[in-house]
Amino acid sequence: MAFSFSFSLSTPTIPTLLFTLSLLLSFLTTPASSATFNCSATTTTTTCQSLIDYIPQNTTTLNAIKTLFNISHLRTLLGANNLPLSTSSPTQNVTALKKILIPFTCLCSNGTGVSNKRPQYIVKPGDNLDHIATVVFSGLVKYQEIAAVNKIPDPSLIQIGQKLWIPLPCSCDEVNGERVVHYGHVVEAGSSVEAIAIEYGTDQETLLRINGIADPKTLQANQVLDVPLKACSSSVSNSSLDAPLLVSNNTYVFTANNCVKCQCSSASNWTLQCEPSTVNSTGCLAMQCQDSSQLFLGNTTTSGCDQTTCTYAGYTNKTNVLTTLTTQSTCAAPPPDNNNAASRMGLQGSSWSFLFAAIHLALLFLHVLQ
């Protein structure tokens with residue numbers, strides 16, 4: 001008896017085949033690297049400034065990175081990497097695999113943090129979502145995450161010229177009761193949770209907790225780790241338009257409509273140092289310190305041990321920059337004089353000895369008289 005079977009397969013489209021092939025290749029060559037950062041916001045509009053590593057796979061330029069991540073001004077990118085304004089050119093090369101810090105605005109929503117509608121990437125000929133995720137943005141996101149936030153039902157079907165929101169991971173949460181700058185650190189091969197904690201001034205337990213890692217041995221190369229960076233303390237008012245102004249060590253920012261430059265350095269006792277900016281010299285008013293007829297923003301005067309500085313306190317509109325006077329002592333408290341203390345104890349001991357001797361002599365004298 002003979003049996004016959006008949007069946008038909010639908011022919012996949014070329015874009016679908018290419019997309020499927022790229023996924024297979026990526027699974028074979030690239031470990032999972034993107035991450036979801038917790039962000040327990042009390043409202044749906046909580047935003048903050050965050051940082052993330054970008055490691056280009058090919059040589060590029062500062063200007064190309066600025067454009068890719070939709071950064072408005074080159075100086076913002078320079079500040080995040082502590083590069084000087086005077087020597088950095090937009091066409092300056094960034095070699096392949098060189099780490100560059102990307103500053104961006106984070107938005108907290110539904111318990112997680114993602115970049116606030118930026119960067120927006122325009123699809124080019126030959127692109128597919130996996131290529132955009134793993135190559136263009138160096139694995140900072142997965143193609144599924146791009147598809148989800150852009151409501152793309154079929155990841156293999158995207159159009160040339162289509163704008164895609166790239167959801168970078170971030171957070172605005174306090175860590176151990178302190179406001180911090182959350183930094184998406186791309187783990188290097190051979191690194192460890194403990195080494196990363198030591199390098200960035202935190203501890204292993206904190207990194208494990210905020211990243212939801214049960215075993216530090218499971219850390220993978222190219223994984224994006226949420227690292228909390230300590231921010232410099234400041235006098236910025238909670239009512240300021242740039243509050244909270246969080247600036248991490250060895251970075252600088254421009255604020256108050258680019259009228260003020262603020263820099264954080266651990267060498268300055270973790271205190272935010274602000275001064276008038278030179279990038280917007282025409283639209284900024286003279287920033288004379290309140291309650292002082294002589295000091296302007298960034299000026300310092302010393303009287304004895306007291307050092308008084310005109311510090312930045314925020315801004316409320318384009319022409320109203322707030323300042324305040326802060327005073328700190330530059331003289332260290334004198335150490336206890338152990339020699340004097342010993343001398344006082346010696347004198348006290350001598351006094352008691354003299355008293356006892358006097359009493360003894362008086363008793364003897366009375367005894368003789370009797």
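What share of the contacts in the chain with a separation of 6 or more comes from residues 24 or more positions apart? I found that such residues account for 63% of these contacts, a contact being heavy atoms within 4.5 Å.

**Basis.** I worked on a predicted model, in which local features need pLDDT of at least 70 and side-chain atom pairs count only at pLDDT 80 or more, while totals for chains, interfaces and linings use all residues. Residues are numbered from 1 along each chain as its sequence is written, and side-chain values use heavy atoms, with hydrogens and water left out.

**Whole chain.** I counted 8 helices and 17 strands; these are DSSP runs numbered from the N terminus (helices H or I, at least four residues; strands E, at least two). I noted that 37% of the 370 residues are buried (under 20% relative accessible area, with exposed over 50% and partly exposed in between; 1.4 Å probe, protein chains only). The chain exposes about 21700 Å², of which carbon and sulfur atoms supply 55%; the areas come from the Shrake-Rupley method with a 1.4 Å probe, and for residues only the protein chains shown count as cover.

**Core.** I looked up the largest nonpolar core and found 40 residues in it. Such a core is a set of buried Ala, Val, Leu, Ile, Met, Phe, Trp, Tyr and Cys residues joined through side-chain atoms within 4.5 Å. Phe69, Ile102, Leu129, Ile132 and Ile166 have the most contacts inside this core. Elements that each supply at least two of its residues include β2 (47-54), β5 (100-109) and α4 (129-136).

**Strand β5.** I recorded 8 of the 10 residues of β5 as buried. β5 pairs with β2 in the antiparallel sense over 8 bridges, where a pair requires at least two DSSP bridges between the strands. Ile100 in β5 is the bridge partner of Tyr54. With β6 (residues 112-115), β5 pairs over 4 bridges, again in the antiparallel sense, and Cys108 stands opposite Gly113 in β6. The hairpin of β5 and β6 has 2 residues between the strands, and Asn110 takes a positive phi near 55° there.

**Ser277.** I located Ser277 in the loop between β14 (273-276) and β15 (300-303). Is Ser277 buried or exposed? Ser277 counts as buried because its relative accessible area is 10%. Its side chain reaches the backbone nitrogen of Val279 at 3.0 Å. Leaving aside residues up to four places away in sequence, I listed Phe254, Asn258, Cys259, Val260 and Lys261 as residues that Ser277 touches.

Terms used: A polar contact is a pair of N or O atoms within 3.5 Å; within protein, one must be able to donate a hydrogen and the other to accept it, and residues adjacent in sequence count only if both atoms are side-chain atoms.
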